[in-house]
Amino acid sequence: MDKEEVRVVIVEDDDDIRELLTTLIEFDGYQVRSVPDGETALALVTEFRPACVLVDLTLPGIDGAEVTRQLRAEIGTELVIIAVTGSPSTSEHERLELAGVDFVLAKPLAENELRRFLPPL
């Protein structure tokens, strides 16, 4: 797969974090689209067909766990879903895993840690 073909969607309501993640991942050679809420993300994923979705747990409207559940029901397991959360709560992490996320990463994210979980270029 060419670099141009590896697409990532970022779902993050914090503008600064969303911008930083977008810049970082684009710099590595991924095609990136980012949105601030779950409803917009669901529509974008259907249209953009990414290989990976990075989703924040706490979002306006539907949260990251619900976004994950809906994506799993619609697309299945071929989509890599990485949940990003500032919550240290084990129950929140378990809720994300039950929803179907592949990986749960804690904020603040270390660049190298995130890179380990993105689909290869």
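Not counting residues up to four places away in sequence, Arg72 touches Thr77, Leu79, Ile81, Ala99, Gly100, Val101 and Asp102, where contact means heavy atoms within 4.5 Å. This is a predicted model, so local features need pLDDT of at least 70 and side-chain atom pairs count only at pLDDT 80 or more, while totals for chains, interfaces and linings use all residues. Residues are numbered from 1 along each chain as its sequence is written, and side-chain values use heavy atoms, with hydrogens and water left out.

Arg72 sits in helix H3; helices (H or I, at least four residues) and strands (E, at least two) are DSSP runs numbered from the N terminus. With a relative accessibility of 14%, Arg72 counts as buried. The cut-offs here are under 20% relative accessible area for buried and over 50% for exposed, with partly exposed in between (1.4 Å probe, protein chains only). A polar atom of the Arg72 side chain lies 2.9 Å from the backbone oxygen of Gly76. That is a polar contact, meaning a pair of N or O atoms within 3.5 Å; within protein, one must be able to donate a hydrogen and the other to accept it, and residues adjacent in sequence count only if both atoms are side-chain atoms.

Now to helix H1, residues 15-27. Asp14 caps the N-terminal end of H1, with a side-chain oxygen 3.0 Å from the backbone nitrogen of Asp16. After the helix comes Gly29, whose phi is positive, near 110°. Arg18, Leu21, Thr22, Leu24 and Ile25 are the buried residues of H1.

Helix H2 (residues 38-48) has Gly38, Ala41, Leu42, Leu44, Val45 and Phe48 as its buried residues. These pack against E1, E2, E3 and helix H3 (64-75). At the start of H2, a side-chain oxygen of Asp37 comes within 3.2 Å of the backbone nitrogen of Glu39. Just after the helix, Arg49 takes a positive phi of about 55°.

Leaving aside residues up to four places away in sequence, Leu44 touches Val9, Arg33, Val35 and Arg49. Leu44 and Val9 are 35 residues apart in sequence, and their C-alpha atoms are 8.0 Å apart in space. Glu39, also in H2, is partly exposed, with a relative accessible area of 42%. With residues up to four places away in sequence again not counted, Glu39 touches Pro60, Gly61 and Ile62. Glu39 and Glu12 are 27 residues apart in sequence and 12 Å apart in space, C-alpha to C-alpha.

Next, the voids. Grid points are joined across faces, edges and corners, and a volume is the space filled by probe spheres set on the points.

The count comes to one cavity of 30 Å³ or more. The largest cavity has a volume of about 30 Å³ and is lined by Ile10, Val11, Glu12, Leu21, Leu54, Val55, Asp56 and Val84. E1 and E3 are the elements that give two or more residues to this lining, and E3 has the largest share, three residues. By class, the cavity lining has six nonpolar, no polar and two charged residues; Ala, Val, Leu, Ile, Met, Phe, Trp, Tyr, Cys and Pro count as nonpolar, Asp, Glu, Lys and Arg as charged, and the others, Gly among them, as polar.

The largest pocket has a volume of about 180 Å³. Its lining is made up of Ile17, Leu20, Leu21, Leu24, Val84, Lys107, Pro108, Leu109, Ala110, Glu111 and Leu114. H1 and H5 are the elements that each give two or more residues, with the largest share, four residues, coming from H1. The pocket lining divides into nine nonpolar, no polar and two charged residues.

Key: On a 1 Å grid over the protein atoms alone, a cavity is a set of points where a 1.4 Å probe fits but cannot get out, and a pocket is an open set with protein on both sides within 12 Å along at least five of seven lines; lining residues have an atom within 4 Å of a point.
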